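Dear colleague,

Please find the structure below, handed over for your records. My notes on it follow.

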Amino acid sequence: MTTKGADHEQVRRLVLRGTSGAVTRCRDFTAAALAEWGWLPAETPEIRERAEDVLLLVSEVVTNACLHAGGPQELVLRHAGGRLRMEVSDASPEHPHAQAHRSPALPGGHGLMVLDRLSGAWGSEAKPNLARGKVVWVEVTRPPGPASLRARRDRRRPSPL
């Protein structure tokens with residue numbers, strides 16, 4: 001774990017080079033991190049849905065690395081202030097791009113649409129320091145829990161005085 005700055009960013013890393021079962025390992029690793037960071041067990045249905053989205057997003061990005069980039073090298077999870085950033089690195093310099101329009105009824109080829117629909121933002125960038133390959137990243141924000149929802153409701157109520 002790494003802690004940085006005023007918002008105490010927490011970082012978890014899973015090295016994947018040459019391992020099998022990458023998708024399952026990454027989902028399990030992410031679920032454990034979500035539990036440590038208080039996303040699971042979920043306090044509300046919204047948080048539960050977002051945690052399930054996170055697991056699906058990790059599966060999608062890791063699967064894409066397996067199918068199109070020679071396999072993932074590392075999964076990095078960065079958590080700070082209710083924001084989660086997932087990064088999957090691989091050795092391919094080719095960045096993800098949408099395929100030609102496909103029928104939703106056909107299997108495969110819908111991964112980037114899933115990223116668009118479920119994430120707050122996503123993208124890819126070249127690895128730093130001229131290293132070969134890229135990092136595909138996805139960001140999501142944790143919905144507010146019951147305590148913050150109550151606080152927001154209380155702020156909206158007129159004062160009894």
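Which residues in α2 meet which residues in α3? This is a predicted model, in which local features need pLDDT of at least 70 and side-chain atom pairs count only at pLDDT 80 or more, while totals for chains, interfaces and linings use all residues. Residues are numbered from 1 along each chain as its sequence is written, and side-chain values use heavy atoms, with hydrogens and water left out.

From α2, Asp-53, Leu-56, Leu-57, Glu-60, Val-61 and Asn-64 meet Gly-111, Leu-112, Val-114, Leu-115 and Leu-118 of α3 (contact: heavy atoms within 4.5 Å; helices: DSSP runs of H or I, at least four residues, and strands: runs of E, at least two, numbered from the N terminus). By class, this contact has seven nonpolar, two polar and two charged residues (nonpolar: Ala, Val, Leu, Ile, Met, Phe, Trp, Tyr, Cys and Pro; charged: Asp, Glu, Lys and Arg; polar: the others, Gly among them). The two helices pack at an angle of about 150°, their axes 10 Å apart (axes: lines fitted to C-alpha atoms over the stretch in contact; angles: 0 to 180 degrees between N-to-C directions). α2 is therefore roughly antiparallel to α3 (over 145 degrees).

The largest nonpolar core has 26 residues, of which Leu-75, Leu-84 and Met-86 touch the most other members (core: buried Ala, Val, Leu, Ile, Met, Phe, Trp, Tyr and Cys residues joined through side-chain atoms within 4.5 Å; buried: under 20% relative accessible area, 1.4 Å probe, protein chains only). Its largest share, eight residues, comes from α2.

Gln-73 lies in strand β2 (residues 72-80) and is buried, at a relative accessible area of 15%.

Methods:
Buried < 20%, exposed > 50% of the residue type's maximum accessible area, 1.4 Å probe, protein only. Parallel < 35°, antiparallel > 145°, perpendicular 65-115°, else oblique.
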